[in-house]
Amino acid sequence: MIEIMMKNIEACKSSLTEAVKGFQSFKTFFLAATTDFQNVASVAPSSRHLARAMLQGLSLNEARTVVELGAGTGAITRVLLENLPPKATLLAFEINPEFISYMQKRFSDPRLVLLNARAENLGYELRRLGHKRIDAVVSSLSLRFMPDDRQRILHDVLAPFMDEKSVYTQYQYIHGLRFENGKFLRHSSLPFLREYFASIQCQTIWRNLPPAQVFTCRNRFRSRRALEVHTTGKRHNSNSLAGEQA
Ligand SMILES: C[S@@+](CC[C@H](N)C(=O)[O-])C[C@H]1O[C@@H](n2cnc3c(N)ncnc32)[C@H](O)[C@@H]1O
């Protein structure tokens, strides 16, 4: 009897701890969103359902180097660390100092390298840390608020580190709305991602605030020439593209 009571108390304690952690993460996130919505781009951290969906298409058990773009308060980082093998490294990029200090206090996993750096500086950071290849990129960056030229810079800096086995996942909120010059504009990241990846799978996650679409992208076009051939349709046949990607 006492044993059962002790077990119940332990279970209650751990649920309470989880709830407090969840509340702190939400509070930190919400406050950051009120001061910098352009970059934070959401009012709440991702749900566990979204985090799991972002990792679904990745072979994490064999991964060595994984990059997370826009770690926030670590909603996806936590699930990544639960799934990565002991020898893997997770390089997490985040620009918000509040989020960096939040994560520094809560994550002590030696596999995690927390970088207070822009995702666009990824090339410099990876070379500095001696990483030549990325197995997976998990991006929460809000492409809807990112001008095209910055998105292109980001995808160009990724190119030298990705090969035919590397996978890139990205989510966007299902409403796809952006407020600009007094108007709501709709945005979809899909056409942009199609310029860079030959294969994209999409799934909708309703259990998130707000619901989101996850894009799992493979077979990156590695050179600008391949990209041009793909987007302009010039010399558009599968053989030439396959050659360019090699
Ligand atoms: C929508 S939030 C996602 C946070 C977290 N991954 C989650 O799913 O709850 C986007 C995050 O990207 C960060 N961010 C925005 N632009 C960035 C950039 N250029 N480089 C690195 N992080 C950036 C923001 O500070 C924010 O934490």
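**A walk through the sheet and its surroundings**

F93 has its bridge partner in β3, and that partner is L115. Strands here are DSSP runs of E with at least two residues, helices are runs of H or I with at least four, and both are numbered from the N terminus. This is a predicted model, in which local features need pLDDT of at least 70, side-chain atom pairs count only at pLDDT 80 or more, and totals for chains, interfaces and linings use all residues. Residue numbers start from 1 along each chain as its sequence is written.

β2 and strand β3 (residues 112-115) run parallel and are joined by 4 bridges. Two strands count as paired if DSSP finds at least two bridges between them. The chain gets from β2 to β3 through helix α5 (residues 97-106), and this β-α-β crossover is right-handed. The term means that, with the strands pointing away from the viewer, the path from the first strand over the helix to the second runs clockwise.

Now look at the other neighbour of β2. Strand β1 (residues 65-69) runs parallel to β2, with 5 bridges between them.

How covered is β2 itself? Of the 5 residues in strand β2 (residues 89-93), 4 are buried. Buried means that 20 or more other C-beta atoms, placed from the backbone, lie within 10 Å of the residue's own; exposed means 12 or fewer, and partly exposed lies in between. Over the whole chain of 246 residues, 34% count as buried.

V137 stands opposite Y168 of β5. In total the chain has 10 helices and 9 strands.

Next, helix α3 (48-55). Its buried residues are L50, A51, A53, M54 and L55. What covers them? The cover includes α4 together with β4, β5, β8 and β9. Contact means that the C-beta atoms of two residues, placed from the backbone, lie within 7 Å. Among contacts in the chain with a separation of 6 or more, 64% are between residues 24 or more positions apart.

Turn to the ligand. Of the 23 residues around the ligand, P45, S46, G70, G72 and S140 come nearest. α2 (37-40) and α4 are the elements that give two or more residues to this shell. A residue is near a molecule or strand if its C-beta atom, placed from the backbone, lies within 6 Å of it. By class, the shell has 12 nonpolar, 8 polar and 3 charged residues. Ala, Val, Leu, Ile, Met, Phe, Trp, Tyr, Cys and Pro count as nonpolar, Asp, Glu, Lys and Arg as charged, and the others, Gly among them, as polar.

I95 sits in the loop between β2 and α5. It is partly exposed, with 19 C-beta neighbours inside 10 Å. Leaving out residues up to four places away in sequence, I95 touches N39 and R118. I95 and V40 are 55 residues apart in sequence, yet 9.6 Å apart in space, C-alpha to C-alpha.

Finish with the backbone. Most residues other than glycine have a negative phi, and most peptide bonds are trans. A41 is not a glycine, but its phi is positive, about 65 degrees. It lies in the loop between α2 and α3. A41 counts as buried because it has 20 C-beta neighbours inside 10 Å. N219 also has a positive phi, near 55 degrees. This residue belongs to strand β9. N219 has 19 C-beta neighbours inside 10 Å, so it counts as partly exposed. Where is the cis peptide bond? It joins L209 and P210, with omega about -10 degrees. P210 lies in the loop between β8 and β9 (212-220).
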